[in-house]
Amino acid sequence: MSKRTRIINDPSELVPLLQVFGSHRHKKVFDSLLNLWMTKEDLEELLGTDVTKSITILKKSGLIESQWHMPEPGKTPEKEYRSSYSKVQTNFQCSFEDMSDIIMLTFMPYEDVKDAIEELEKLVEQGNDSMSSLTRALNKSPLYIRAVARRSDKLTVMGQRLKVLLNGETE
């Protein structure tokens, strides 16, 4: 088992973590990857369900790592995954207002938070990617904006900037 500790200094990093561990399916995928490297197909065979969304959210939250698995000669290499961390340590302080926003954004149905996500994605795609200009444009706190970005499948937080993801990678 991996012995690394995930250190969380930004409360908005809780959004993907709470999404992962608030879902039985995502948690089963994470637990399955604690000790072994497994391909997507191995996971689907073991769990009997599609794990694409689980792998995506686990990758985005930084909880799994991947490497190429070299099969027998003549077969196509496949990605295999393993959990990156076995422990977590948090070190942050925020207001209850910010914490309640984070929790609400995490557990709200996508349809309820869709407009905020799409508005933020549109601004970033238009080149407005700095946290200070986004806080002015949306009249929201930086923590709220980072939390919305972490809920988005198209955005990632890179310090004081947001970046658009293309096929799971930053632009």
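What do the buried residues of H2 pack against? The answer takes in five elements: helix H1 (14-21), strand E2 (38-39), helix H3 (40-47), helix H4 (52-60) and strand E4 (78-83). Packing here rests on contact, meaning heavy atoms within 4.5 Å. Helices (H or I, at least four residues) and strands (E, at least two) are DSSP runs, numbered from the N terminus.

A word on what is being read: this is a predicted model, with local features needing pLDDT of at least 70 and side-chain atom pairs counting only at pLDDT 80 or more, while totals for chains, interfaces and linings use all residues. Residues are numbered from 1 along each chain as its sequence is written, and side-chain values use heavy atoms, with hydrogens and water left out.

Back to H2, which spans residues 24-32. His 26, Val 29, Phe 30 and Ser 32 are its buried residues (buried is under 20% relative accessible area, exposed over 50%, partly exposed in between, with a 1.4 Å probe and protein chains only). These residues sit on the same side of H2, because they cover an arc of only 165° around the axis; the arc is that of the directions from the helix axis to the C-beta atoms. His 24 and Lys 28, on the other side of H2, are exposed.

Two strands pair if DSSP finds at least two bridges between them. E2 and E4 are joined by two bridges, and Met 38 has Tyr 81 in E4 as its bridge partner.

E1 runs parallel to strand E5 (residues 87-90), with four bridges joining the two.

The axes of H1 and helix H5 (residues 96-107) come within 9 Å and cross at roughly 45°, which makes H1 oblique to H5. Axes are lines fitted to C-alpha atoms, for helices over the stretch in contact, and angles run from 0 to 180 degrees between N-to-C directions. Angles under 35 degrees count as roughly parallel, over 145 as roughly antiparallel, 65 to 115 as roughly perpendicular and the rest as oblique. On the H1 side, Leu 14, Val 15, Leu 18 and Gln 19 meet Met 99, Ile 102, Thr 106 and Phe 107 of H5.

H5 also packs against H8, at an angle of about 15° and with the axes 10 Å apart, so H5 is roughly parallel to H8. Residues of H5 that meet H8 include Asp 98, Asp 101 and Leu 105, and among those they face as a group are Leu 143, Tyr 144 and Arg 151.

Asn 139, in the loop between helix H7 (131-138) and helix H8 (142-151), has phi near 55°, a positive value in a residue other than glycine. At 69% relative accessibility, Asn 139 counts as exposed. Gly 159 takes a positive phi near 65° in the hairpin of E6 and E7, which has two residues between the strands.
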